[in-house]
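Work through each one before you read its solution.

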Amino acid sequence: VILGCKQTKEALVIDPGDEAAKILSEIDKENLKVKYIIHTHAHFDHIGGTGEIHKKLAVPTCLHKSDLPLYENLPNQGSSFGMSFDSAPPIEKFLQDEEILEFGNHKLQVLHTPGHSPGSICFKLMGGPEYLFSGDTLFKESIGRSDFWGGDHHTLIQSIKNRLLVFSSETKVFPGHGPATEIGHEKKHNPFL
């Protein structure tokens with residue numbers, strides 16, 4: 001996901017799992033100035049394109065500190081799934097719960113939502129449309145897996161209930177995989193909650 005400010009052209013890249021060339025092409029096409037590469041968590045399908053994008057843009061990579069062991073083991077993660085990855089670039093900024101990231105005229109709030117992984121986070125757009133970027137914490141009528149290293153089902157459910165379902169029913173949720181949804185829809189139709 002690329003989030004950009006129309007007025008200032010400042011932008012953030014969220015979870016570049018792959019297709020780095022496509023992401024870079026879109027950034028060039030829109031003449032965006034990327035401020036950070038930010039990650040909801042450190043599974044290979046969310047960080048696999050980070051190295052190539054970082055190499056081209058030379059902007060800070062950001063992650064919650066609790067997912068650093070996962071991040072630093074990108075080659076091992078890939079080999080477990082029959083894929084090959086180089087080591088990811090160093091994390092230059094650790095994201096803190098409730099921290100505010102600014103890009104142009106917009107602000108994004110960091111919400112620590114462990115359970116899918118120890119350092120899983122979501123991002124809530126502030127002062128604009130009710131948008132939530134949920135990574136692999138919450139999906140349309142589903143939730144993230146908790147059977148990977150560091151995952152915990154009870155913690156994941158508590159994160160969703162205490163950190164995400166508190167937002168208005170109209171809040172649009174953009175998961176790391178699959179279709180968008182809304183908080184109100186998940187309150188009514190998500191069988192895991």
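A crossing of two helices is called right-handed if the near helix is turned clockwise from the far one by less than a right angle, and left-handed if anticlockwise. Keep in mind that this is a predicted model.

**Exercise 1.** Describe how helices α1 and α3 pack.

*Solution.* 
- Step 1: Two packed helices are described by the angle between their axes and the distance between the axes.
- Step 2: Helix α1 covers residues 20-29 and helix α3 covers residues 50-57; their axes come within 9 Å and cross at roughly 35°.
- Step 3: The crossing of α1 and α3 is right-handed.
- Step 4: From α1, Ala20, Ala21, Ile23, Leu24 and Ile27 meet Glu52, Ile53, Lys56 and Leu57 of α3. Sorted by type, the residues of this contact are seven nonpolar, no polar and two charged.

**Exercise 2.** Is Lys124 buried or exposed?

*Solution.* 
- Step 1: Find Lys124 in strand β8, residues 121-126.
- Step 2: Buried means under 20% relative accessible area. Lys124 has 7%, so Lys124 is buried.
- Step 3: Look at the surroundings: leaving aside neighbours within four places in sequence, Lys124 is in contact with residues including Leu108, Leu111, Tyr131 and Phe167.

**Exercise 3.** What radius of gyration does the protein have, and what would a compact globule have?

*Solution.* 
- Step 1: With 193 residues, a compact globule would have a radius near 16 Å.
- Step 2: The protein has 16 Å, which agrees.
- Step 3: Of the residues, 48% count as buried.

Notes: Residues numbered from 1 in each chain as written. Predicted model: local features only at pLDDT ≥ 70, side-chain atom pairs only at ≥ 80, totals over all residues. Heavy atoms only, no water. Axes fitted to C-alpha atoms, helices over the stretch in contact; angles between N-to-C directions. Helix = DSSP H or I, 4+ residues; strand = E, 2+ residues; numbered from the N terminus. Contact = heavy atoms within 4.5 Å. Nonpolar A, V, L, I, M, F, W, Y, C, P; charged D, E, K, R; others polar. Buried < 20%, exposed > 50% of the residue type's maximum accessible area, 1.4 Å probe, protein only. Rg over C-alpha atoms; globule rule 2.2 N^0.38 Å.
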